[in-house]
Amino acid sequence: MKKVLAENKNKLSWIAIGITLVISILLSIIGIYWIEDYGIAIFILLPLYLGFSPTIIYGKILPISKNQSWRFGLITLSLYAFCLILMAIEGLICVIMAFPIAMLFVWLGSLSGYLLINKKPSNALKSMILLIMLIPTLGFIERDNEPTLNSVITKIEINADTDKVWKNVVEFPRLKEPKELIFKAGIAYPIDANIKGKGIGAIRYCNFTTGSFIEPITNWNEPHILQFDVVQQPEPMKELSFWNVDSPHLHDYFVSVKGQFKLIKLPNGNTLLEGTTWYYHDIKPEFYWQLWSEYIIHKIHYRVLNHIKTNSEK
């Protein structure tokens, strides 16, 4: 069998990629649906395996170059991403967001596999099996880690006094349809806001395309500070897919905890309006997903703050 495969390089390539792909999909299903973890195991170790495994499998039978190794990893990653969408495990937007960090670690996995199979081939299969076992093990370990609370502050200057701005902060009419690509692609965005009651204990509803944020008021310092908790929130996005995707990460993996509007009277009579969101996400590596989270939150803030600015300056 080994001799037959050695004589058919193309067939061996696809066998190496296919074996890696099947194991990767199984590990993803175990990690996402059984362990319920979106962390380093899924976003770092699994891409490492996607690059490492086809290189080792092919390299055990035939010599492999560094370029071949990277090409195998990239093909395997692309097919893996397509399978996630096809099987309704993930949607297109989440796959696109994860692709940059996945590519980096697929490349590192391919390079590691290439170096190992050429310098210490006797350790190659053992290392591959160890990596396979490490992925779900780390998933179990990291799923109970406490997430970090983060805050995002966005500011805008409004040519109106604080009293007028305050009225448009508490509740505001329907916003125009967004032009930003990220919202058109499926990320949830605010439509309007209304409030029931006045003062501490009033309930504010900030309505998004996927549902409503329910926000009981905790600080009503008119016309300076409006602060609220978030006791219920909708899904953060509507996945783009062939199917109706309901990925686990759409529920309780990105959580908005509370928010605040702060109005500061400027010496020129204008108002500096600050919008703040406190949130956490249970997705790792935190440094990477925080970049996406803060980018999206700033976009949402600017959409609301510019709407308030327009209405206040009329």
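Is C206 buried or exposed? I looked it up in this predicted model: C206 is buried, at a relative accessible area of 8%. C83 counts as buried too, with 19% relative accessibility, just inside the cut-off of under 20%.

My search of the whole structure came back with zero. For C83, the closest cysteine sulfur belongs to C94 and lies 17 Å away, which is too far for a bond because a disulfide needs the sulfur atoms within 2.5 Å.

On to the cores. The largest nonpolar core has 61 residues, and the members touching the most others are F43, Y49, Y58, Y80, I135, I187 and W289. Among the elements that give it two or more residues I noted α2 (9-34), α3 (40-59), α6 (124-142), β3 (203-208) and α9 (286-313). α3 gives the largest share, 12 residues. I also found a second, separate core of 22 residues, which includes V169, L226, F228 and V304.

Beyond its neighbours within four places in sequence, I135 is in contact with L27, A41, L45, L46 and Y49.

Last, the helix pair. How do α2 and α6 pack? Their axes are 10 Å apart, at an angle of about 10°, so I put α2 and α6 down as roughly parallel to each other. On the α2 side the contact is made by I23, L27 and W34, and on the α6 side by I132, I135, P136 and F140. Sorted by class, I get seven nonpolar residues in the contact of α2 with α6, no polar ones and no charged ones.

Note on methods. Residues are numbered from 1 along each chain as its sequence is written. This is a predicted model: local features need pLDDT of at least 70, side-chain atom pairs count only at pLDDT 80 or more; totals for chains, interfaces and linings use all residues. Side-chain values use heavy atoms; hydrogens and water are left out. A nonpolar core is a set of buried Ala, Val, Leu, Ile, Met, Phe, Trp, Tyr and Cys residues joined through side-chain atoms within 4.5 Å. Buried means under 20% relative accessible area, exposed over 50%, partly exposed in between (1.4 Å probe, protein chains only). Helices (H or I, at least four residues) and strands (E, at least two) are DSSP runs, numbered from the N terminus. Contact means heavy atoms within 4.5 Å. Axes are lines fitted to C-alpha atoms, for helices over the stretch in contact, and angles run from 0 to 180 degrees between N-to-C directions. Angles under 35 degrees count as roughly parallel, over 145 as roughly antiparallel, 65 to 115 as roughly perpendicular and the rest as oblique. Ala, Val, Leu, Ile, Met, Phe, Trp, Tyr, Cys and Pro count as nonpolar, Asp, Glu, Lys and Arg as charged, and the others, Gly among them, as polar.
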